[in-house]
Amino acid sequence: MGNFFSSCSLSKTQEVQESGNPVFDGWYADPEGVVFDNRYWIFPTYSAPFEQQLFLDAFSSSDLVSWKKHSKILSVENVSWLKKALWAPSIIYANKKYYLYFSANDVHEGEIGGIGVAVADSPEGPFKDALGKPLINEIINGAQPIDQFVFKDDDGSYYMYYGGWGHCNMMKLGDDFLHIVPFEDGSFCKEVTPENYVEGPFMLKHRGKYYFMWSEGDWTGPGYCVAYAIADSPFGPFKRIGKILEQDKSIATGAGHHSVIKGLKDDEWYIVYHRHPLNEKDGNARVVCIERMFFDDEGYIKPVKMTFRGVKTSRLTLSR
């Protein structure tokens, strides 16, 4: 591992104008990219065997090129019910607090685990479990409660999309972000599974349309990839359009479990994802990378080209 990362320094000099891929050292996966206070943040999984996934690190940057590591923003010491497998963070800012949702324990029927929530006053933590138990423990509609993503709609509603084992559910978060509340029809959960869905849901809204995205394939294998659908509602229906990110045998394999960051310009979008280096066979050998993402004139997402260069410097404030 040391030889692979020797050329990828975490603190890059000011002369560097491209991020490079991977964007920071270490085995990490399932990156959640987000912007807080004119700073880019990435919250990934620490990619190791389940028994060793007992903490989360975070990374922040002012320009997408130089990244600062924030170690152990959440760890087993602060989640009483965590036994193994802490992964797939999703974070929001509301009520002057940061709410970090996470998957834990690789839960099966009758076990304790699923989706939890931790709270902190800063995106770098330290986060502490807010409930003393999972927010979502039950297996509903065949969906393992993992890989949650929280989406804020234009009307202020917060929806959580989640699910493994080939099924995706959505729920609505209450105003305290610590409870699930019913939809207008009285139901608490809706299945929104599109064709070929496996895991890793993500949602964004662009020009009035809802872009629902997910990962397909086996996360340990080379064919892991990202596909998407477009709908007029956050509830779907989500009809699969096609893949936008997949392996390139000259660069890397297993490209998936992504998120999207909006830059300063109208057409400035970045896809943050993990992939397997070509020389690595271990399914946990995953690194976090960034590429530009573009929409075409008809509103479809163009296929993303994986690179070793990454993306160019971009700040979130206008220069004077």
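1. The model is predicted, so to speak of local features a pLDDT of at least 70 is needed, while side-chain atom pairs count only at pLDDT 80 or more, and totals for chains, interfaces and linings use all residues. Residues are numbered from 1 along each chain as its sequence is written, and side-chain values use heavy atoms, with hydrogens and water left out.

2. **The overall build.** Along the principal axes, the C-alpha atoms fill a box of roughly 55 × 45 × 45 Å.

3. **Inside and contacts.** Of the 320 residues, 58% count as buried. Buried means under 20% relative accessible area, exposed over 50%, and partly exposed in between (1.4 Å probe, protein chains only). Contact means heavy atoms within 4.5 Å. Among contacts between residues at least 6 apart in sequence, 50% join residues at least 24 apart.

4. **A look at N105.** Start in the loop between β6 (97-104) and β7 (114-120), where N105 sits. Is N105 buried or exposed? With a relative accessible area of 6%, N105 is buried. The side chain of N105 reaches the backbone oxygen of W81 at 2.9 Å, and a polar atom of that side chain lies 2.8 Å from the backbone nitrogen of K83. Leaving aside neighbours within four places in sequence, N105 is in contact with residues including W81, K83, W87 and I112.

5. **Two residues in strands.** S215 belongs to strand β15 (residues 209-216) and counts as buried at 0% relative accessibility. Its side chain reaches the backbone nitrogen of H257 at 2.8 Å. N169 lies in strand β11 (residues 169-173) and also counts as buried, at 0% relative accessibility. Which side chain does the side chain of N169 join in a polar contact? The partner is N141, at 3.0 Å. A polar contact is a pair of N or O atoms within 3.5 Å; within protein, one must be able to donate a hydrogen and the other to accept it, and residues adjacent in sequence count only if both atoms are side-chain atoms.

6. **Backbone features to check.** Most residues other than glycine have a negative phi, and most peptide bonds are trans. Now look at the bond joining N21 and P22, which is cis with omega about 5 degrees; P22 is in the loop between α1 (2-5) and β1 (28-36). The peptide bond from G125 to P126 is cis too, with omega near 5 degrees, and P126 is in the loop between β7 and β8 (128-129).

7. **Positive phi values.** F177, in the loop between β11 and β12 (180-181), has a phi near 60 degrees. At 6% relative accessibility, F177 counts as buried. R207 has a positive phi of about 50 degrees although it is not a glycine, and is found in the loop between β14 (199-206) and β15. R207 counts as exposed, at 73% relative accessibility.

Methods: Helices (H or I, at least four residues) and strands (E, at least two) are DSSP runs, numbered from the N terminus.
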